[in-house]
Amino acid sequence: MIKRREFLQQSSLLAIMASFPASVADSSFKMGYSAITWGGKDEQAILDIASLGFKGIQLRANSYTKYKDNPQELKALLDASKLQLVMFSSGNVEIDPAKVPASIEQHVNHAKFVKALGGDSIQLTNSLRKKGETPSQEDLVKLAEVMNEIGRKTKEVGVQATYHNHMNQFGETPEEVDILVKSMNPAYLRLLLDVAHYHQGGGKPADAVLKYKNIIHSFHIKDVESPIKGQESSPSSYKFVELGQGNVDMKGIFNNIRKIKFKGWAIVELDGVPDKAKSPLQCGTISRDFLRDTINYKFV
């Protein structure tokens, strides 16, 4: 039987450990960074992202156009910088029956390219939303069905398909995301939750982390300023900004990422530099420092 003095000593030790920042004991999830900010200059993006201490990178379909006939050249650049390809932006998915076969073929070809680069995941989006219109439930279900089929075929290649929620697309609002998620076959398709798009669409991304914990594959960690400073008369105006510079509840999101014991990739994404006086590297440094100093993420 444990003695009272030993019990008190152990209790004190546990209390001290609990007071440490979460990063000391937990970096179970991994942080990557998207090359989108560099506007197609992937070679520079690889060097800069590695210099910031990130271990994973997301590339876009422009790299397929350049390197599809020689993926080993691009893989050599990734390997030299000790970066893992953790996500690939594969582009839009069509639901028009006449366009579906070509859409599926596009994503399967991308999956083969990703596999050659040592990656295992692709991101699916869509550009089907018409301005001022809300997609029907039927169209949302149709989109999920096509994505399920893409996922079935990419899984044969050894690549996981993920759906990325996005403003101005199907899945803009939390309600639309929910219809899509409920129509996904988790054996073939998983959710890449973009926290800034979910926030801007009217949702609470910290809650979504818990709600969709069983189907989330990865995250886009992103911040958004809304309304844009100086445009307060347009409350719906927004722009994506470095982490900690916007309105997204980053602390709540990361608290819940840790709560669900997430072990996958959280990928920082910034579509473009919000201030043209900055470079992509400077923007990345701001976000990296926020993760390290405010979120207590331990870069190792």
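This is a predicted model: local features need pLDDT of at least 70, side-chain atom pairs count only at pLDDT 80 or more; totals for chains, interfaces and linings use all residues.
**Figure 1. Helix α6 passes helix α7 in a right-handed crossing.** Two packed helices are described by the angle between their axes and the distance between the axes. Here the axes of α6 (residues 100-116) and α7 (residues 137-157) come within 9 Å and cross at roughly 35°. On the α6 side, look for V100, I104, H107, V108, A111, K112 and K115. Their partners on α7 are V146, E149, I150, K153, T154 and V157. Sorted by class, this contact has 7 nonpolar, 2 polar and 4 charged residues.

**Figure 2. The largest pocket has a volume of about 240 Å³.** Its lining is made by 15 residues, and the closest to the pocket centre are I36, R60, S89, Q123 and H166. Which elements give two or more residues to this lining? They are the strands β3 (84-92) and β4 (121-125). β3 gives the most, with 3 residues.

**Figure 3. A salt bridge joins K222 and D194.** In this view, the closest N and O atoms of the two side chains are 3.9 Å apart. Where do the two partners lie? K222 is in the loop between β7 (216-221) and β8 (223-225), while D194 belongs to strand β6 (residues 189-194). The pair therefore ties together parts that are 28 residues apart in sequence. For the model, the count of salt bridges comes to 17.

**Figure 4. The peptide bond from S226 to P227 is cis.** If you follow the backbone from S226 into P227, the omega angle is near -5°. To find the spot, go to the loop between β8 and β9 (239-241), which is the place of P227.

**Figure 5. K82 has a positive phi value.** The phi angle of K82 is near 55°, and this residue is not a glycine. You can find K82 in the loop between α5 (71-80) and β3.

How values were computed. Residues are numbered from 1 along each chain as its sequence is written. Side-chain values use heavy atoms; hydrogens and water are left out. Axes are lines fitted to C-alpha atoms, for helices over the stretch in contact, and angles run from 0 to 180 degrees between N-to-C directions. Helices (H or I, at least four residues) and strands (E, at least two) are DSSP runs, numbered from the N terminus. A crossing is left-handed if the near helix is turned anticlockwise from the far one by less than a right angle, and right-handed if clockwise. Contact means heavy atoms within 4.5 Å. Ala, Val, Leu, Ile, Met, Phe, Trp, Tyr, Cys and Pro count as nonpolar, Asp, Glu, Lys and Arg as charged, and the others, Gly among them, as polar. On a 1 Å grid over the protein atoms alone, a cavity is a set of points where a 1.4 Å probe fits but cannot get out, and a pocket is an open set with protein on both sides within 12 Å along at least five of seven lines; lining residues have an atom within 4 Å of a point. Grid points are joined across faces, edges and corners, and a volume is the space filled by probe spheres set on the points. A salt bridge is a side-chain nitrogen of Lys or Arg within 4 Å of a carboxyl oxygen of Asp or Glu.
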